[in-house]
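Let us walk through a protein chain step by step. Keep the sequence and the 3D view side by side as you read.

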Amino acid sequence: MANCFNLEYTSIDHSKWRNLPPPPGFSSFAPSSRAPAKAPTAATSSSYASLKDKRAWDLAISPAKSLPMQAFMLYMSGGGVQIFSMGIVFMLLLSPFKNIAGMNAAFAPFAPTPASVKSLKVLPLQKIAYIACNLLTLAVGLWKCRSMGLIPTGTGDWLAFESRAMAPELSLL
């Protein structure tokens with residue numbers, strides 16, 4: 001009974017499998033390690049630069065891509081002041097500041113030259129879009145704080161700082 005589950009690979013006919021064409025994308029040429037490397041041409045360097053530019057734009061708008069998910073999380077956390085909703089709001093308010101502080105490091109792989117990584121003149125449009133998307137995230141967080149009542153926006157929030165005026169009429173009693 002134990003032999004019925006054994007496979008005999010020696011009995012398989014290999015001749016019909018050897019005549020199959022190679023799969024698409026397969027290269028039978030194996031370059032030797034002694035062959036000199038080709039120098040990058042102008043076409044490959046320009047396509048590499050355009051790819052870096054495209055990736056920089058993807059990074060620039062990535063905070064805006066996460067806004068729908070964050071808005072849904074804010075909606076699901078509710079309008080009350082609980083520990084869960086406070087944690088989400090704190091994360092939403094803190095992440096734009098951390099992103100803007102690390103902006104040059106985030107855009108460093110996309111800089112045309114490694115010497116100019118810290119300059120604001122490198123990828124200026126992408127960096128402006130990145131800052132704008134992070135400020136939009138910060139605005140959503142502040143809106144949530146306002147809707148939870150954490151930001152003093154009404155006149156009742158400032159009553160402690162108002163002084164009572166003198167009554168315009170006097171009573172003789």
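Of the 173 residues in the chain, 19% are buried. Buried means under 20% relative accessible area, exposed means over 50%, and partly exposed lies in between (1.4 Å probe, protein chains only). The model is predicted, so local features need pLDDT of at least 70 and side-chain atom pairs count only at pLDDT 80 or more, while totals for chains, interfaces and linings use all residues. Residues are numbered from 1 along each chain as its sequence is written, and side-chain values use heavy atoms, with hydrogens and water left out.

Start with the overall plan. The chain has 7 helices and 0 strands. Helices (H or I, at least four residues) and strands (E, at least two) are DSSP runs, numbered from the N terminus. Now look at contacts, meaning heavy atoms within 4.5 Å. Take those between residues at least 6 apart in sequence: 65% of them join residues at least 24 apart.

Next, find helix H4, which spans residues 67-77. Its buried residues are Leu67, Gln70, Leu74 and Ser77. They fall within an arc of 85 degrees seen down the axis of H4, so they line one face of the helix. That arc is taken from the directions from the helix axis to the C-beta atoms. On the other side of H4, the exposed residues are Pro68, Phe72, Tyr75 and Met76. What covers the buried residues? The cover includes helix H3 (62-65), helix H5 (83-101) and helix H7 (124-148).

Zoom in on glutamine 70 in H4. Glutamine 70 is buried, because its relative accessible area is 10%. Set aside its neighbours within four places in sequence, and glutamine 70 is in contact with Leu92 and Thr137. After H4 comes glycine 78, with a positive phi near 90 degrees.

Cysteine 133 is buried, with a relative accessible area of 11%. Cysteine 145 is buried too, at 7%. A disulfide is a pair of cysteine sulfur atoms within 2.5 Å. By this rule, the count is 0 disulfides.

Finish at leucine 20. This residue sits in the loop between helix H1 (15-18) and helix H2 (42-60). Is leucine 20 buried or exposed? Leucine 20 is exposed, because its relative accessible area is 52%.
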